[in-house]
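Please view the structure below before reading on.

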Amino acid sequence: MATILVLTLLTLSSFSSPAQAEIFTSIGQMTDLIFTERELVQSLKEYIEAEETKLEAVKSWANKLDTLTRASTSDPEGFLAHPVNAYKLMKRLNTEWSQLESLVLQDPSDGFISNMSMHRQYFPDEEDEKGAAKALMRLQDTYKLDSESFSKGKLPGVRYNAQLTVDDCFDMGKLAYNENDYYHSVLWMQQALRQMDSGEDAKTPKADILDYLSYSVYQMDDLPRAIELTRRLVAIDPSHQRAGGNLRYFERLLSKELRDKGRSQQEPADERPIQLDTYERPKDYLPEREVYEALCRGEGVKMTIKRRSRLFCRYQDGNRNPRLLLKPMKEEDEWDSPHIVRFLEALSDQEIEKIKELAKPKLARATVRDPNTGVLTVAHYRVSKSAWLEGEDDPVIARVNQRIEDITGLTVDTAELLQVANYGVGGQYEPHFDFSRKDEPDAFKSLGTGNRVATYLNYMSDVEAGGATVFPDFGAAIWPRKGTAVFWYNLFKSGEGDYRTRHAACPVLVGSKWVSNKWIHERGQEFRRPCGLTEVD
């Protein structure tokens, strides 16, 4: 039985799957995996039941023969003196033991393995696991959550509890370590050590955690703590192949550092647990990182009393558009300059579900346009999946397109198709412009419709936590509300880009964010939005 189980596990591990590497970028598509896993659990239960039935049969045989052999071995000749016993011995060894052998050789795992093989091609791969882990670290940074918050499931708006084990935390730290991301490696290895020290069982040896943690701390230029951690490692594993050498090396570095500072004695290592603010997070390529992430947390929003007094709500009839006369659109000002408005009840629940139904089979990793080549490509700073829907796909899409035209007064004949996006684990789109700048004149050349004059964004879901649309330049944060839409102009009437509209989709902390975008282009708007006489009019 043990042999069969080992063979089963080996067979599972030998499956190869086509590269997916994009599953984590869409919660909508990840939900399919939930049902796949449920089916596999049922298949596993059926396999266990078959193994138990087989084992019961073998046990019954063993018990019966155990009783029989005790009697026969106590007096072999006397036992065989009975002709029936002699006959049954011949029969058992010639026929029944062969039947038992066949029973033992039966493999109830065939159905389970076949089911696994069928579903394996849709499983996430190593890149998906890595992407999901990096997403947790991104959420950790953006929303200033310590590792324990994730490990213990202490997140705002959660409906289901989920916790990370010592081994999970270790794997997170190891992934960061392998990416030379020592800042996050320290945070997660420290959490793994904290949980292990509190008595939690784990497969990961403590020596491995201390090994990674001590070297990561050294990389963060904290020699006293690196020495202290390495001494702990040597104490529990004196024969560790690197610990002794690392300890001597760290101590030499510290001695040199003290001599250079003219000091003879080192200060004791900081015994306080490592927290988010213990080490400074390394700077990256995004200049407005701190402002952007603060807005995502709802901090630094520049909504003053004076600005709020300039915001109003109104009924919008699209300049007496016949389709809006009887039921005008409810419009609210979100920001005064640049003017951003929100339309209420812009999509019904039925329309939202239909759009999601049409989009799901077409979802693919969202792309960005390379400013140098104009070619669409995937990017680490945009984590979502998107699909493009035409008016001919369904009357709902045609109706939504017409509604956008009626509300904005701009033609959608030259607009891009309706883009539906679903954000995955930690899904985001870092600060970007929707319009093309002067240094990328060919960005929309292939479309032949000019630049993106305006953005119309439908929110198709509420988001429990995170997921705001933020504008770092002027400090605005707009939160998703299902069924509403926001609208702003990307270009001044002169055709010059409004650089204040650089915006971002904040990482989704808890929930699944669905949106649909309509990017409206310049061509066809000549009489609907005439040119202005000044550059920034």
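## A loop residue and its contacts

Leaving aside residues up to four places away in sequence, Thr-501 touches Pro-338, His-432, Phe-435, Phe-471, Trp-488, Tyr-489 and Asn-490; contact means heavy atoms within 4.5 Å. Thr-501 sits in the loop between strand 15 (485-489) and strand 16 (503-505). Helices (H or I, at least four residues) and strands (E, at least two) are DSSP runs, numbered from the N terminus. Thr-501 counts as buried because its relative accessibility is 2%; buried means under 20% relative accessible area, exposed over 50%, and partly exposed in between, with a 1.4 Å probe and protein chains only.

The model is predicted: local features need pLDDT of at least 70, side-chain atom pairs count only at pLDDT 80 or more, and totals for chains, interfaces and linings use all residues. Residues are numbered from 1 along each chain as its sequence is written, and side-chain values use heavy atoms, with hydrogens and water left out.

Five strands form an open sheet in the order 7-10-16-13-14, with antiparallel pairing. Strand 7 (382-383) and strand 14 (476-478) are at the edges with a single partner strand each, so one side of each has no neighbour in the sheet. Two strands pair if DSSP finds at least two bridges between them.

Strand 13 (residues 469-471) pairs with strand 16 in the antiparallel sense over two bridges. Val-470 stands opposite Ala-504 in strand 16.

## The largest pocket

The largest pocket has a volume of about 1700 Å³. A pocket is an open set of points on a 1 Å grid over the protein atoms alone, where a 1.4 Å probe fits, with protein on both sides within 12 Å along at least five of seven lines; lining residues have an atom within 4 Å of a point. Grid points are joined across faces, edges and corners, and the volume is the space filled by probe spheres set on the points.

Its lining has 38 residues, and Ile-27, Met-30, Ile-34, Ala-162 and Val-425 lie nearest the centre. Helix 2 gives the largest share of this lining, eight residues.

## The second largest pocket

The second largest pocket has a volume of about 1300 Å³. It is lined by 44 residues, and the closest to its centre are Asp-141, His-184, Arg-281, Asp-284 and Arg-289. Helix 6 provides the largest share of this lining, nine residues.
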